[in-house]
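Reader: I am new to this protein. Could you show me the structure and then take my questions?

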Amino acid sequence: METKKLGSKVATSFAGAERRREPRLPLTLSIGVTGFDRDGRFFTERTSTFDVSNLGCRFPLHAEMGKDSVVAIRVIRRASGLEVDSPPVLFRLAWVEEAEHGWTLGAEQLQPGRPWSVHFSQQKGDFRNTV
């Protein structure tokens, strides 16, 4: 683990092998992220995942967050041209890295359930879309 100060921002980075305990699927899903930023201010931000795993995801965010912060993530789906909300699920931020236009975060799921539209089997690399 390495912590860097980048301007006024502090980023914690991990070697790739340390971060990933399970396979990730490159899947872009629209999500809404809600929580409290590094300064304790409540925020809600729409963004998209870079990838997802059985119990986690990686996504960009403009709000500055600290490692181990808890956020609520909900997947935003469209049905018949209308936006359909999924129930929010709590995630812990396992790592935070500064990015060109904000931050990239890796989050691990704290609550049971399957927020993604994907079934992850026990075999590495075996994914099925359940939409």
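This is a predicted model: local features need pLDDT of at least 70, side-chain atom pairs count only at pLDDT 80 or more; totals for chains, interfaces and linings use all residues.

Reader: What share of the residues of the protein chain counts as buried?

Author: Buried means under 20% relative accessible area, exposed over 50%, and partly exposed in between (1.4 Å probe, protein chains only). The protein chain has 131 residues. The buried share is 41%.

Reader: Among contacts between residues at least 6 apart in sequence, what percentage joins residues at least 24 apart?

Author: Contact means heavy atoms within 4.5 Å. Take the contacts in the protein chain between residues at least 6 apart in sequence. The part that joins residues at least 24 apart is 52%.

Reader: Which residue stands opposite Phe 36 in S4?

Author: Two strands pair if DSSP finds at least two bridges between them. Strand S3 (residues 30–36) and strand S4 (residues 42–48) pair in the antiparallel sense over seven bridges. They form a hairpin with five residues between them, and Gly 40 in the turn has a positive phi of about 85°. Opposite Phe 36 stands Phe 42.

Reader: Which residue of S7 stands opposite Ile 31?

Author: S3 also runs antiparallel to S7, joined by four bridges. S7 covers residues 70–79. The residue opposite Ile 31 is Val 75.

Reader: What is the bridge partner of Ala 72 in S9?

Author: S7 pairs with strand S9 (residues 89–99) in the antiparallel sense. Four bridges connect the two. The partner of Ala 72 is Leu 90.

Reader: Which residue in S10 stands opposite Trp 95?

Author: S9 is joined to strand S10 (residues 102–109) by eight bridges, and the two run antiparallel. Together they form a hairpin with two residues between them. Opposite Trp 95 stands Gly 106.

Reader: Is Gln 109 buried or exposed?

Author: Gln 109 sits in strand S10. Leaving aside neighbours within four places in sequence, its contacts include Asn 54, Leu 55, Phe 91 and Pro 115. Its relative accessibility is 11%, so Gln 109 counts as buried.

Reader: Which backbone oxygen lies 2.6 Å from a polar atom of the side chain of Gln 109?

Author: The backbone oxygen of Gly 113 lies 2.9 Å from a polar atom of this side chain. The value of 2.6 Å belongs to another residue's backbone oxygen. That residue is Gln 111.

Reader: Which residues form a nonpolar patch with about 240 Å² of accessible area together?

Author: Patches are made of residues with over 30% relative accessible area and no salt bridge: like charges are joined within 9 Å, nonpolar side chains (Val, Leu, Ile, Met, Phe, Trp, Tyr) within 5 Å. Accessible areas come from the Shrake-Rupley method with a 1.4 Å probe; for residues, only the protein chains shown count as cover. One member lies in the loop between S10 and strand S11 (118–120) and is partly exposed at 47%. The patch consists of Val 70, Leu 90 and Leu 110.

Reader: Which residue forms a salt bridge with Arg 24?

Author: A salt bridge is a side-chain nitrogen of Lys or Arg within 4 Å of a carboxyl oxygen of Asp or Glu. For Arg 24, the closest N and O atoms are 3.1 Å apart, and the partner is Asp 51. Arg 24 lies in the loop between helix H1 (16–19) and S3 and Asp 51 in strand S5 (residues 51–53), so the pair ties together parts 27 residues apart in sequence.

Reader: How many salt bridges does a search of the whole structure find?

Author: Arg 41 and Asp 37 meet in one, at 3.3 Å from N to O. Glu 64 and Arg 38 meet in another, at 3.9 Å. Lys 67, Asp 68, Arg 92 and Glu 108 are linked in a network. The search of the whole structure finds nine.

Terms used
Residues are numbered from 1 along each chain as its sequence is written. Side-chain values use heavy atoms; hydrogens and water are left out. A polar contact is a pair of N or O atoms within 3.5 Å; within protein, one must be able to donate a hydrogen and the other to accept it, and residues adjacent in sequence count only if both atoms are side-chain atoms.
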